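Reader: I'd like to go through this one piece by piece. Can we start with a side-chain contact?

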Amino acid sequence: MSLESLWFFIWGILWALWLATDGFDLGAGILYPFIGRSDKEKSAVISSIAPLWDGNEVWLVAAGGATFAAFPAVYAGLFSFMYILFAVLLFSLILRGVSLEFIYEGKSFLWVKTWGMIFFIGSITAPFVFGLIFGNVFQGIAFDGAGYRGGILDLINPFSVLTGTVMVVICILHGSIWISMYSEDDLKKRAERTMVMSWFIALALLVLFIIETPMFTSLHLNYLANPVLFIIPAVMVASFLCIRIFIVKGRPGVSFFFSISAIMLLLISALAGLYPDLLPSSFEKAASLSIHNSSSGRNTLIIMTAVAAVLVPVVVASQAFVYWIFRFKGK
């Protein structure tokens, strides 16, 4: 495997890790105004994610940093062609983080209600905009050597909206499983009902996404040329079905494991179809940015590989330690 291909793989894994880890606390934030009926229950939702959400976003920073260092032309293209979407994504994450810190610092009803609403808006906006961004990347963006040829409204199209909606729903499913694991009594029962409902909605949306992907993108061409790749979406589908199986068995911890697997493999399935492109052009094919024309020099990639080999296990171990320390019931 070439260094460029290795870093395409690492790049995809980092984005998938962010979606899988931050996905459940984004989902908990989306459910926050609806699933908790009392102040105690709403506080339990916040308590279940409060020690973990900022650590989860380490993977977002790592994914952005890997894009900048390994594929600087792609980083420049993504942030210049879709700068409004990235600004909205980052702003929503900032608002969400601030609201988590502020929400219970005031005692008035209006204070808690306002920051609770900001928490909800930030939580639902982030995965939706993430879906808009990757939906456009999967389709290809209208750019050539002179830059982006479209407008902001061109980025909000049927396939990107579908991708964004899929992201929101799988975060709700992921978050409801998490709340079910870390709650009790009526809150737990409501989380379990949300798990079942969101699983069926996610199933319907995933079927629609799989049907529409060949119509709006060329991701399927890699699969037809390399049938072994079908193993990835096949395992993704199996993981998704296992979520439902273990929900029925009343084992949300195992469902959560398969939810992580399904989310990561969903994104990796799409990126496998994209390879070797990272940012395809729908306007001029020759302008597409791939691992071949957008990667950093060989020495840079060697240094990055050595650094990643040391730091990634450290980050994984530290995050596992934090999850172990805060393995509590929501109160």
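Author: A polar atom of the Ser 294 side chain lies 2.5 Å from the backbone oxygen of Ser 290. That is a polar contact, meaning a pair of N or O atoms within 3.5 Å, where within protein one must be able to donate a hydrogen and the other to accept it, and residues adjacent in sequence count only if both atoms are side-chain atoms.

Reader: What should I know about the model and numbering?

Author: This is a predicted model: local features need pLDDT of at least 70, side-chain atom pairs count only at pLDDT 80 or more, and totals for chains, interfaces and linings use all residues. Residues are numbered from 1 along each chain as its sequence is written, and side-chain values use heavy atoms, with hydrogens and water left out.

Reader: Is Ser 294 buried or exposed?

Author: Ser 294 counts as buried, because its relative accessibility is 2% (buried is under 20% relative accessible area, exposed over 50%, partly exposed in between, with a 1.4 Å probe and protein chains only).

Reader: And what is Ser 294 in contact with, leaving aside neighbours within four places in sequence?

Author: Ala 70, Phe 71, Pro 72, Ala 73, Val 74, Leu 278 and Leu 289; contact means heavy atoms within 4.5 Å.

Reader: Switching to backbone. Which residues does the cis peptide bond join?

Author: Tyr 275 and Pro 276, with omega about 0 degrees.

Reader: What about phi of Asp 185?

Author: Phi of Asp 185 is near 55 degrees, a positive value in a residue other than glycine. Most residues other than glycine have a negative phi, and most peptide bonds are trans.

Reader: Buried or exposed, Asp 185?

Author: Asp 185 counts as exposed, at 61% relative accessibility.
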